[in-house]
Structures are given as C-alpha cells and as structure tokens.
Amino acid sequence: MAAASAGGPSNPPPTQQQSSPTKAVRVVVKGRVQGVFFRDWTVETARSLGLAGWVRNRRDGTVEALLSGDPYKVDEMVSRRIPVGPPAAVVTAVVPSPAEPVAPDEGFHRKPTA
C-alpha cells in the first residue's frame, strides 16, 4: 500500500531539461538592401554563426529573413550584423518580430522573392 505513494512525481529526462534554448526572429530590413549582395551576405553570415532559417527579397524593396538558433547568436545577427550589412548596403531600419524556431538541420538558405 505504501508503494503507491512512495514514487512521487516523475521528472522529465535530463536531456529535455538541459537542451540549449532556441530563439527565432523574423526581420524586415529597409534601406538600400536589394542589388547589393545583401541576401548572399546574410546567408554567409548566418551560416558562420550556426543559425538556421532563410532570407528573401520582397517586392516592396525590403529584405526579409527568419533567423533561428542560439539566442546570443540570433541577437548578434539582429543587433550588430544586419544593421551594418555588406559594404554596398545602406540599412535604414531593422524591424524584428517573434517567430517559431526552425530545425537546425534545415540550415540557412535563400528563398524566392515574395
């Protein structure tokens, strides 16, 4: 009879508790960001930081990207890298919004214009 109450609540496996957190942010980048190597630069920079996601031109002249991965590296990309961009770009605004993370094994790639 005592055995039923002796077990207590079960704990989730340690791997679930200790998995690294993932952050995802969707950004719209405004300014002179098309025709200046911005998408390719974003792919190279995001991959170098180990981020997953995508980047694409938008018909309104902006660039849109989804950045997913280590929170510190996502913040690095959004706060420090994208506002500077490649040499020929002139970024006037970076508008972030929350997004759902993507699987790391999806990598980072270019998508067609939307």
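Is glutamate 64 buried or exposed? At 5% relative accessibility, glutamate 64 counts as buried, where buried means under 20% relative accessible area, exposed over 50%, and partly exposed in between (1.4 Å probe, protein chains only).

## About the model

This is a predicted model, in which local features need pLDDT of at least 70 and side-chain atom pairs count only at pLDDT 80 or more, while totals for chains, interfaces and linings use all residues. Residues are numbered from 1 along each chain as its sequence is written, and side-chain values use heavy atoms, with hydrogens and water left out.

## The sheet

Let's begin with the strands. Helices (H or I, at least four residues) and strands (E, at least two) are DSSP runs, numbered from the N terminus.

Strand S1 (residues 23–32) and S4 run antiparallel and are joined by 8 bridges. Along this pairing, valine 29 stands opposite valine 94 in S4.

Contact here means heavy atoms within 4.5 Å.

In H4, the residues Val74, Glu76, Met77 and Val78 are buried. The cover over the buried residues of H4 includes S1, H3, S3 and S4.

## Salt bridges

Side chains of opposite charge can pair when their charged atoms come close. The whole structure holds 7 salt bridges, each being a side-chain nitrogen of Lys or Arg within 4 Å of a carboxyl oxygen of Asp or Glu. One of them joins the side chains of lysine 23 and aspartate 75 (2.5 Å, N to O). This pair links distant parts of the chain, with lysine 23 in strand S1 and aspartate 75 in helix H4 (residues 71–81), 52 residues apart. Lysine 23 is partly exposed at 30% relative accessibility, and aspartate 75 is partly exposed at 33%.

Back to glutamate 64: its side chain meets that of arginine 26 in a salt bridge (2.5 Å, N to O). Arginine 26 lies in strand S1 and glutamate 64 in strand S3, so the pair ties together parts that are 38 residues apart in sequence. Arginine 26 is partly exposed, with a relative accessible area of 27%. Through shared partners, salt bridges join Arg26, Arg56 and Glu64 into one network.

## Around serine 68

Serine 68 sits in strand S3 and is buried, with a relative accessible area of 2%. Leaving out residues up to four places away in sequence, serine 68 touches Thr22, Lys23, Ala24, Leu51, Ala52, Val74, Pro101 and Val102. Its C-alpha lies 5.1 Å from that of alanine 52, although serine 68 and alanine 52 are 16 residues apart in sequence.

The side chain of serine 68 also reaches the backbone nitrogen of valine 102 at 3.0 Å. This is a polar contact, meaning a pair of N or O atoms within 3.5 Å; within protein, one must be able to donate a hydrogen and the other to accept it, and residues adjacent in sequence count only if both atoms are side-chain atoms.

Notes: Pairing = 2+ DSSP bridges.
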